[in-house]
Amino acid sequence: MFSDGCTALSWKGETTNFLAQNWDWQQEQKGNLIRLRIKQQDKPNIDMITEAGIIGKIGLNSAGVGVCLNAVRARGVGFVRLPCHLALRRCLDSKSRREAVAALQRAGVASSCHILVADPDGGIGLECSSEDIVLLPMSEEGLITHTNHFLKEHPGVEENVQFKDTQPRLERIAELAKAAKPDLEPIRKLLEDENGFPASINRQITDDSTIATLFSIVMNLKERFADVRLGRPSEPEEKVKLQPHMPKHEHTS
């Protein structure tokens, strides 16, 4: 049964861009999470949180490109298009968000999802279906937010029953952002929010649901690092700093 409950945002500040997400999934999946660091020739190096066996997930690269993912449930599979996790890896193999977007527009994405890709200069959302990719630009405030339903029309695509809290979480993250600023600590606090608990931005399991926030990540894309809190961000079980290996010819200034 579809039950992903992730909340993601990209937010451009005066000097850098932040990319962040709570990743919510089955509690039992926590033991399969790994940190995967990849060194590559002729491509950026990668540091990400993923699941064992999956080569593209949520994280950033040495060029300052980061990706987040929201599940969206809609009918259809494009068998000649990139599977979702390979699309995420293609973004992490890119040297800019423009390169990543162009690559996915050429190849297409096989199934419904929202991929939020960003670099130090800003972010862009890609609502993907088996038929199309619709771009979501930054607001005037430099903000993009997304949960688990389509925000735009996708002609010929039938979206199934939405996760009932996806719209409230989208409204809540936008409300919180109005009273905050684009910086590491304020964004960390947004992701600890329990309004609507237990089906909140910071999710907990219930008697009839085994879904919880398994990790929370905030990326500073100019500085090329990410703070990760494993478990619910209000009570982290472990903290990890992602920082892809920087080749000598690359720098963050």
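**Entry 1: the hairpin and strand E7**

I began with a hairpin of two residues, which joins E7 to E8. The model is predicted, with local features needing pLDDT of at least 70, side-chain atom pairs counting only at pLDDT 80 or more, and totals for chains, interfaces and linings using all residues. Residues are numbered from 1 along each chain as its sequence is written, and side-chain values use heavy atoms, with hydrogens and water left out.

I took strands (E, at least two residues) and helices (H or I, at least four) as DSSP runs, numbered from the N terminus. Two strands count as paired if DSSP finds at least two bridges between them.

E7 and E8 run antiparallel and share seven bridges. I found Ile-115 opposite Leu-126 in E8. On E6, I counted six bridges to E7, again antiparallel; Gly-66 has Ala-118 of E7 as its bridge partner.

I then checked burial (buried means under 20% relative accessible area, exposed over 50%, partly exposed in between, with a 1.4 Å probe and protein chains only). Seven of the seven residues of E7 are buried, so E7 is largely enclosed by the rest of the structure. Cys-113, Ile-115, Val-117 and Asp-119 point one way from E7, while His-114, Leu-116 and Ala-118 point the other way.

**Entry 2: the sheet around E7**

I traced an open sheet of seven strands, antiparallel in its pairing, in the order E3-E4-E5-E6-E7-E8-E9. Its edges are E3 (33–38) and E9 (133–136); each has a single partner strand, so one side of each lacks a neighbour in the sheet. From one strand to the next, the twist averages 20 degrees; axes are lines fitted to C-alpha atoms, for helices over the stretch in contact, and angles run from 0 to 180 degrees between N-to-C directions.

Glu-127 has Val-134 in E9 as its bridge partner.

Helix H1 (residues 84–92) lies across E3, E4, E5, E6 and E7, and runs at about 160 degrees to E6. Contact here means heavy atoms within 4.5 Å.

**Entry 3: the other sheet**

I listed an open sheet of six strands, with antiparallel pairing, in the order E10-E1-E2-E11-E12-E13. E10 (143–146) and E13 (238–242) are its edges, each with a single partner strand, so one side of each is left without a neighbour in the sheet. Neighbouring strands here are turned by 10 degrees against each other on average, direction ignored.

Within this sheet I looked up E1 (residues 7–12) and E2 (residues 17–26), which run antiparallel and are joined by six bridges. Ser-10 stands opposite Leu-19 in E2.
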